Amino acid sequence: MSKQLTNPLQALVSGAAKQLPAATGRVAVQQARIDRRKGRMVILADISFSMSSEAWGGRTKLDLLREAVASVMSRYECQLIVFSDRAREVNTVPAEVEGGTDLAAGLQAALAHDPGITLVISDGQPQNPGESLKLARTFRGVINTLYIGPESDAAAIEYMRTLSKQADGATAVNDISAAAGVRQLEHKIAGLLT
């Protein structure tokens with residue numbers, strides 16, 4: 001008699017298993033987050049005029065960013081795109097600043113690579129915030145943001161957080177006008193890429 005009960009029960013369980021999605025719950029959500037990050041890594045670096053302002057040690061924000069990005073790129077394979085009034089792919093962060101902060105142009109250039117992780121590094125708010133947020137929602141991969149301006153600029157920090165949330169990313173704040181911020185810059189860039 002036990003065989004008669006187990007066979008219908010096994011048939012019921014088997015039938016139910018065929019109707020369920022292959023992956024459900026927290027495990028599936030976590031796997032989806034991991035899968036989003038597969039693919040190329042892109043660094044989007046702000047080289048607008050505001051990056052010429054002085055940071056810690058009398059050096060400019062751009063100088064410190066150029067060194068940190070070069071060090072990270074020597075260890076990780078990633079595409080570097082700089083943005084100001086326009087966006088362009090480069091091998092190193094240029095030594096000179098230029099123009100405004102057209103983040104939308106930078107995001108559009110990054111989107112062409114279908115990146116798994118895009119890291120936006122900036123010290124301020126873009127000139128086209130709505131357009132940038134709209135573009136961020138179209139990314140398959142995540143967008144992480146690293147704010148490197150003064151911690152007193154709450155609006156810029158909040159914008160960077162909002163941008164990263166559009167593509168399930170993370171945000172870090174690293175004020176490079178302080179010695180501790182300069183020491184942590186390279187580590188934070190690497191951490192947000194991996």
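Me: Which residue in β5 is the bridge partner of I121?

Reply: L146 is the bridge partner of I121. This is a predicted model, where local features need pLDDT of at least 70, side-chain atom pairs count only at pLDDT 80 or more, and totals for chains, interfaces and linings use all residues. Residues are numbered from 1 along each chain as its sequence is written, and side-chain values use heavy atoms, leaving out hydrogens and water.

Me: What is the strand order of the open sheet?

Reply: The order of its 6 strands is β3-β2-β1-β4-β5-β6, with mixed pairing.

Me: Why are β3 and β6 said to stand at the edges?

Reply: β3 (87-90) and β6 (171-173) each have a single partner strand, so one side of each lacks a neighbour in the sheet. Neighbouring strands are turned by 20 degrees against each other on average, direction ignored.

Me: Why is β1 called largely enclosed?

Reply: Buried means under 20% relative accessible area, exposed means over 50%, and partly exposed lies in between (1.4 Å probe, protein chains only). In β1, 6 of the 6 residues are buried, so the rest of the structure largely encloses the strand. In a regular strand, side chains alternate between the two faces of the sheet. Both faces of β1 are covered: M41, I43 and A45 are buried on one side, and V42, L44 and D46 on the other.

Me: Which helix lies across β1, β2 and β4?

Reply: Helix α3 (residues 61-73) does, running at about 170 degrees to β1. Angles run from 0 to 180 degrees between N-to-C directions, with axes fitted to C-alpha atoms, for helices over the stretch in contact. Helix α4 (residues 103-111) packs on the sheet too, touching β1, β2, β3, β4 and β5, and makes about 165 degrees with β1.

Me: How do you know that P115 is buried?

Reply: Its relative accessible area is 2%, so P115 counts as buried. P115 sits in the loop between α4 and β4. Beyond neighbours within four places in sequence, P115 is in contact (heavy atoms within 4.5 Å) with residues including R40, V42 and F139.

Me: Is N128 buried or exposed?

Reply: N128 has 13% relative accessibility, so N128 is buried. N128 lies in the loop between β4 and α5 (129-136). Leaving aside neighbours within four places in sequence, N128 is in contact with T101, D102, L103 and A104.

Me: Why is L12 called exposed?

Reply: L12 has 62% relative accessibility, so L12 counts as exposed. L12 lies in helix α1 (residues 2-19).

Me: What makes D63 and R66 a salt bridge?

Reply: The rule asks for a side-chain nitrogen of Lys or Arg within 4 Å of a carboxyl oxygen of Asp or Glu. The closest N and O atoms of D63 and R66 are 2.8 Å apart, so the pair qualifies. The two are 3 residues apart in helix α3, which means about one helical turn separates them.

Me: How do you know that the salt bridge of E186 and R75 links distant parts of the chain?

Reply: The closest N and O atoms of E186 and R75 are 2.7 Å apart. Yet E186 is in helix α7 (residues 179-193) and R75 is in the loop between α3 and β2, 111 residues apart. R75 has a relative accessible area of 47%, so R75 is partly exposed.

Terms used. Helices (H or I, at least four residues) and strands (E, at least two) are DSSP runs, numbered from the N terminus. Two strands pair if DSSP finds at least two bridges between them.
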